Amino acid sequence: MRRRKAQEKTILADPKFNSKIVAKFINMVMREGKKSLAEKIVYGAFELVKQQLNEPDALKVFHKAIDNIRPRLEVKPRRVGGATYQVPIEVRQERGTSIALRWIIDFSRVKKGKSMREKIAEELISAYKGEGSAIKKKDDTHKMADANKAFAHFRW
């Protein structure tokens, strides 16, 4: 049993858009402590999104893409009497957001042959339109939760 809840780390909003979600995204893109490089990549991706969609506000596109990707349900393994069941549970808002950000970054990193800012921009645009790898991952997660809803009574 846990003694106490872990302290939540507060992250400062990013300098350009004054948004905590963008700051979190930059921190997730960052590798080996190179924050300025991560900022260049993310802001560059936002510029590409602006150009390709002819949208004046890249932040709106970013938030819409995150909302489109954010999963509502996920499955968690629960061990009951020797058997492991995939129990569907609802996802909290903050967890859903961080899962969505992680999926965008993961699918961007897997792609080959382009710069990271182009890959992130591509992933954000496809998520904004409701298509792409991250949307497919969300749909698969929801299908899995739906298929296992018979085990929902194991939730606690």
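Buried residues make up 37% of the 156 residues in this protein, where buried means under 20% relative accessible area, exposed means over 50%, and partly exposed is in between, with a 1.4 Å probe and protein chains only. Before I go on, a word on where this comes from: it is a predicted model, so local features need pLDDT of at least 70 and side-chain atom pairs count only at pLDDT 80 or more, while totals for chains, interfaces and linings use all residues. Residues are numbered from 1 along each chain as its sequence is written, and side-chain values use heavy atoms, with hydrogens and water left out.

Now the overall layout. The protein has six helices and two strands; these are DSSP runs, helices being H or I with at least four residues and strands being E with at least two, numbered from the N terminus. Read from the N terminus, the order is α-α-α-β-β-α-α-α. The C-alpha trace spans about 55 × 35 × 25 Å along its principal axes. As for contacts, meaning heavy atoms within 4.5 Å, take those between residues at least 6 apart in sequence: 61% of them join residues at least 24 apart.

Let's move to the largest pocket. H4 supplies the largest share, five residues.

What is the lining made of, in terms of nonpolar, polar and charged residues? It divides into 15 charged, six nonpolar and four polar, with Asp, Glu, Lys and Arg counted as charged, Ala, Val, Leu, Ile, Met, Phe, Trp, Tyr, Cys and Pro as nonpolar, and the others, Gly among them, as polar.

That brings me to charge pairs. Side chains of opposite charge can pair when their charged atoms come close. If we call a salt bridge a side-chain nitrogen of Lys or Arg within 4 Å of a carboxyl oxygen of Asp or Glu, the count comes to 10 salt bridges.

Let me start with glutamate 74 and arginine 95, whose closest N and O atoms are 2.9 Å apart in their salt bridge. This pair links distant parts of the chain, with glutamate 74 in strand S1 and arginine 95 in helix H4, 21 residues apart. Glutamate 74 is buried at 11% relative accessibility, while arginine 95 is partly exposed at 34%. Their side chains are also joined by a polar contact of 2.9 Å, that is, a pair of N or O atoms within 3.5 Å, where within protein one must be able to donate a hydrogen and the other to accept it, and residues adjacent in sequence count only if both atoms are side-chain atoms. Leaving aside residues up to four places away in sequence, glutamate 74 touches several others, including Val87, Ile89, Ile99 and Ala145.

Next, lysine 111 and glutamate 123 form a salt bridge, with their closest N and O atoms 3.1 Å apart. Lysine 111 sits in the loop between H4 and helix H5 (116-128), and glutamate 123 is in helix H5, 12 residues apart. Lysine 111 is partly exposed at 24%, whereas glutamate 123 is buried at 2%. Salt bridges with shared partners join Lys111, Lys114, Glu122 and Glu123 into one network.

One further pair is aspartate 67 with arginine 70, where the closest N and O atoms are 2.8 Å apart. Aspartate 67 is partly exposed at 38%, and arginine 70 is buried at 9%.

Last, a bit of backbone. Most residues other than glycine have a negative phi. Asparagine 18, in the segment before H1, has a positive phi of about 55° and is exposed at 64%. Asparagine 54, in the loop between helix H2 (35-53) and helix H3 (58-69), has a positive phi of about 50° and is exposed at 68%.
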